Each structure stands twice: as structure tokens, then as C-alpha cells.
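I opened my notebook to record, step by step, what I looked up in this structure.

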Amino acid sequence: MSAPTLAVDRLTHRYGEWIALDGVSFEVEAGELFGLLGPNGSGKTTLVKVLATLLHPTGGSAAIAGRDVVRDRGEVRRRIGVVFQQPGLDLQLTPRENLRHQGHLYGMRGEELSARIELQLERMGTAGRADDRVKTLSGGLRRRVELAKGLLHDPAVLLLDEPTVGLDPGGRRELWDHLADLRADSGATSLVATHLMEEAERCDRIGILDRGRLVALGSPDELKRAIRGDVVALDSADPRGLAAAVEDRFGLEAVVVDGAVRLEIEDGAAFVPRLAEAFPGRIDSITVGKPTLEDVFVHETGRPFEERTAGRGRPEREPEVEEEPGAPATPVEGLLP
Ligand code: ADP
């Protein structure tokens, strides 16, 4: 058996006393589009930084193409492409020039570089814009140029940290279409961090992060199927009282999430009349639906995906803890914001 393309094993990272990653383990196989789904503050960026060799984890390990991200940092850097939230293109240059510059950073020259640039430009579908300055391109097209840049040296894994931040829904869809095409056409392996359910839905498999812990791992369908039946949500003036009453009466687990009572039941539609009959005047509305990824998150954590109040009372960015010291002289640095 060949080693997985990406392997994360009991990975832990602390910023001072704060545990940002807490024993996370998963693997990504070659050719997979893997999503890391989690609300803000769940540890996605920390994990991507560790994989990109920009942050030393405080525990556990991670490897890309069999190379350890700490011990074999240079080797790993040659095997990854990274796209961060912040734009990493020179706006004054054209896409072609940006790619050429990137190629030089990776020590590529001449014919080989030209051929790779052409291939990426073609894959990217820049519609004849390859020689226009990046500053004249749409946000969606710019992000595609960044993907092309990340892929230029043919990395084993492309790491993307919330790559659609700042794009409109059309641009987001386009970028995901492009990621799916990349996988289909060239077998690219990608790990994409996102806090958007609809993006996670487009991945082959996802890992759901919550407060630094991996709470679910599998294909979106598998994860949703693990919740048997339907999810029923009840609006009420007294959600807590109603949840307790539902539990008492029907012996079901009912949790209050985002001000609504939420329960999982085999046949939601058949259950609605029984609820209405049991609690006359106490229910304002009833919604029955098939489980979504948000339901998977609630099922695993008992909390809504994005909490309206500030989580565990975490102070805003505690004293900044130094990241990887020193200025790494490897090309990946050139991709950093
Ligand atoms: P996400 O990308 O999912 O939003 P992050 O990895 O950025 O999550 O952050 C995880 C947790 O670690 C958050 O609570 C965040 O405030 C904290 N954190 C991130 N970077 C630092 C840092 N440099 N110093 C201290 N705490 C940090």
C-alpha cells in the first residue's frame, strides 16, 4: 500500500495556553478533493499553516507525500502549492508574468517553464486575458490565476485556505467548478478550508472541525446519512420549556439551537400532527427537512455552526505567539501574503 498523499496524526497546536488544534487525525488520498469545514476560530488556518510548513505544531505530526512537515520542510515545500485568503498576485503584472515569476522562484527556466505556463493558462481558461494586467481582471479570474500559480510546479497537494473569501456567489461557484475540473482532468489532490456548507458539499470527503477537534470525517452524503430520518425544527416563544416537554412526552432528545427546538426523527412528516396535538398553542411553526451538513455539526456538537455570541469567551486574539521563526528561503514564502 502506498502512503496517503497527506496524513495528519494526532496533530495539536497551542498558542500559549490556547489549544487551537487538539489531536486531529485524518488522511487524504491521491486525487481527492478534501474539505476542512469549520466555523470561524475552529482551527482551519492553523492546520493549513502547519501543512504549509509555516507553523511548527506543538504535538503530533503531519506528512505530505510521506515527508514530515517539520523534519523535511524543504522537501514538503517543493511538493505543495498554497493559496491563502489574502491575494498573492502582483496586480501590475499579467497572469503570464505572474506565472513566469513564480516559476523562477521554483528554479524553472526556458522551454520547460514556458510549457508549464501554457498548460496552466489553458487549464485556467483565462479567455484571452493572459496578457492583461491582473488589476483589470475580475475577482474570480484572479483567484483562478492564483490556483494556476499554486499548481505551476506540479505539487502533490494544493492547500487552499478559504479561497473564495471576497468573491460573489457566481465567482465562488466558478472557482469550485474549476477545482472539480482540475481534479477530473489532472487528478489534482486538494485540501480546501471553508466555513461554507455549500462548498463542503462539493468535496469528495470532509473533516468537520470544532474548537480544534475533528468531530466528523467522511463524504458529505455519508455524514448526512448517519443522522437517521428527518430533522424537525420547532419555533416557540418558550423553546427550552418546549424542548423539555417534548423529551418528557416522546422520550426523544430535543435540543435548543439558535432559539429553535431541534429533534431528529425517522418520519418527520408523520410526527408533525402528533406534536401539534400534544402542544396546542405552544408551537409557532414546524419545519421538517432532510439532514444538512449543518445538522451534522449540531448532531456532533449540540451547538449551531456559527454561534451568535462569542464562543467560549475567547478573548480577541490573545497575545500573539510567534510563528515559525526565521525567514525561510524556499519558494513557498513567495506565495505568502
Ligand atoms: P479558523 O481558520 O478556523 O478561523 P484559526 O486557526 O485562525 O481558525 O484559529 C483557531 C484559534 O486559534 C482561534 O481561537 C484563534 O483566535 C486562535 N489563534 C489563531 N492564531 C493565533 C495566534 N497567532 N496567537 C494566538 N491565538 C491565535
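I started at leucine 6 in this predicted model, and, leaving aside residues up to four places away in sequence, I found that leucine 6 touches Phe26, Glu27, Val28, Leu51, Ala63, Ile64, Val157, Leu159 and Leu191.

I next looked up the largest nonpolar core, which has 30 residues, and saw that Leu6 is listed with Phe26, Leu47, Leu51, Leu159 and Leu191 as those with the most contacts inside it. Among the elements that give two or more residues to this core I noted strand S1 (6–15), helix H1 (44–51) and strand S8 (190–194), while the largest share, 5 residues, comes from S2. Apart from this core I found another, of 27 residues, which includes Trp176, Val215, Leu223 and Phe297.

Which residues of H9 are buried? I listed Pro239, Leu242, Ala243, Ala245, Val246 and Phe250, and because the buried residues fall within an arc of 165° seen down the axis of H9, they line one face of the helix. On the other side of H9, I found Arg240 and Asp248 exposed. The buried residues of H9 pack against strands S11 (230–235), S12 (254–257) and S13 (260–265), and also against helix H10 (268–278). After H9 comes glycine 251, and I wrote down that its phi is positive, near 65°.

Technical notes: Residues numbered from 1 in each chain as written. Predicted model: local features only at pLDDT ≥ 70, side-chain atom pairs only at ≥ 80, totals over all residues. Heavy atoms only, no water. Core = buried A, V, L, I, M, F, W, Y, C linked by side-chain atoms within 4.5 Å. Buried < 20%, exposed > 50% of the residue type's maximum accessible area, 1.4 Å probe, protein only. Helix = DSSP H or I, 4+ residues; strand = E, 2+ residues; numbered from the N terminus. Contact = heavy atoms within 4.5 Å. Arc of directions from axis to C-beta.
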